[in-house]
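Let's take a walk through this structure together, one piece at a time. Please have the sequence and the 3D view ready.

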Amino acid sequence: MTAVFSHGRLRLYLLKLLDDGPKHGYELIRLLEDRFLGLYAPSAGTIYPRLQRLEVEGLVVHTAAGGRKVYEITEAGRAELRQRADELATLESDITASVEDLSALASEIQTEVRGSVRDLKRELREAARQTRRGNWEPPPVRPVANGGPTTRAESPTLAEFDQRLAAFTVEVGALVRAGRLTDTQLRTAIRLLDGALDGLRRLLR
């Protein structure tokens, strides 16, 4: 769960969302994801226990519709919203700031990923040109850790790719750990890495 929702603030925001009209759990998850521009989405295991607690406290009620529980705020829930209006306004400001921070982090990572992909494309094009010109010669088969030979020879460019990939992994790991990122920021980084992998898959088809 993102840090902006610590200290029971998520339950307050759920009341705020339900004040706009009845909703089932996955609608609330989608609304939260939209509010964070897709950079954060709470799990069902985060949302439903809080809805159940709100119901126990008499702040929401639910009805069954289409096999789903639809939650609706009660008058007691609206009274709590009125009592905590200042806290809700502060929460909205904190969410806005959090989204800006997450967007900046995502932009930085995307820039780094795009640069890496451009470098890879350039090296692949150069390797293809060298192959077409007949200038490329495979290096000798190199041994592996157990002393046996590899099954095929590797090009110098492929060896360089292996080195770049290893260096990239080490550097990203070090940056992430040094930055003490939150779980939400780490999930953003994972999504961006997945996007880079998908781009490479499309490139190499």
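Two strands count as paired if DSSP finds at least two bridges between them. Keep that in mind as you look at this model, which is predicted.

Start with strand β2, residues 60-65, and strand β3, residues 68-73: six bridges join β2 to β3, and the two run antiparallel. To find your place in this pair, look for Val-61, which stands opposite Glu-72 in β3. The two strands make a hairpin, with two residues between them. Gly-66 sits in that turn and has a positive phi of about 60 degrees. As you follow the strands, remember that in a regular strand the side chains alternate between the two faces of the sheet.

Strand β3 has another partner too. Strand β1, residues 23-24, is joined to β3 by two bridges, and this pair also runs antiparallel. Here His-24 is the residue to look for, as it stands opposite Val-70 in β3.

Now move on to helix α2, which covers residues 25-35. Which residues of α2 are buried? They are Gly-25, Leu-28, Ile-29 and Leu-32. Looking down the axis of α2, you would see these buried residues fall within an arc of 100 degrees, so they line one face of the helix. What do they pack against? The buried residues of α2 pack against α1, β1, α3 and β3. Just after the helix, Leu-37 takes a positive phi of about 55 degrees.

Next come two helices that pack together: α1, residues 9-19, and α3, residues 44-56. Their axes lie 10 Å apart, at an angle of about 80 degrees, which makes α1 roughly perpendicular to α3. On the α1 side, the contact is made by Leu-10, Arg-11, Leu-14, Leu-15 and Leu-18; on the α3 side, Thr-46, Ile-47, Arg-50, Leu-51 and Leu-54 meet them. Sorted by class, this contact has seven nonpolar, one polar and two charged residues.

Is Leu-10 buried or exposed? Buried means under 20% relative accessible area, and Leu-10 has a relative accessibility of 1%, so Leu-10 counts as buried. Leu-10 and Leu-91 are 81 residues apart in sequence, and their C-alpha atoms are 9.4 Å apart in space.

Finish with helix α4, residues 75-83, where Gly-77, Glu-80 and Leu-81 are buried. Seen down the axis of α4, the buried residues fall within an arc of 100 degrees, so they too line one face of their helix. Turn to the other side of α4, and you will find Glu-75, Arg-82 and Gln-83 exposed.

Notes: Residues are numbered from 1 along each chain as its sequence is written. This is a predicted model: local features need pLDDT of at least 70, side-chain atom pairs count only at pLDDT 80 or more; totals for chains, interfaces and linings use all residues. Side-chain values use heavy atoms; hydrogens and water are left out. Buried means under 20% relative accessible area, exposed over 50%, partly exposed in between (1.4 Å probe, protein chains only). Helices (H or I, at least four residues) and strands (E, at least two) are DSSP runs, numbered from the N terminus. The arc is that of the directions from the helix axis to the C-beta atoms. Axes are lines fitted to C-alpha atoms, for helices over the stretch in contact, and angles run from 0 to 180 degrees between N-to-C directions. Angles under 35 degrees count as roughly parallel, over 145 as roughly antiparallel, 65 to 115 as roughly perpendicular and the rest as oblique. Contact means heavy atoms within 4.5 Å. Ala, Val, Leu, Ile, Met, Phe, Trp, Tyr, Cys and Pro count as nonpolar, Asp, Glu, Lys and Arg as charged, and the others, Gly among them, as polar.
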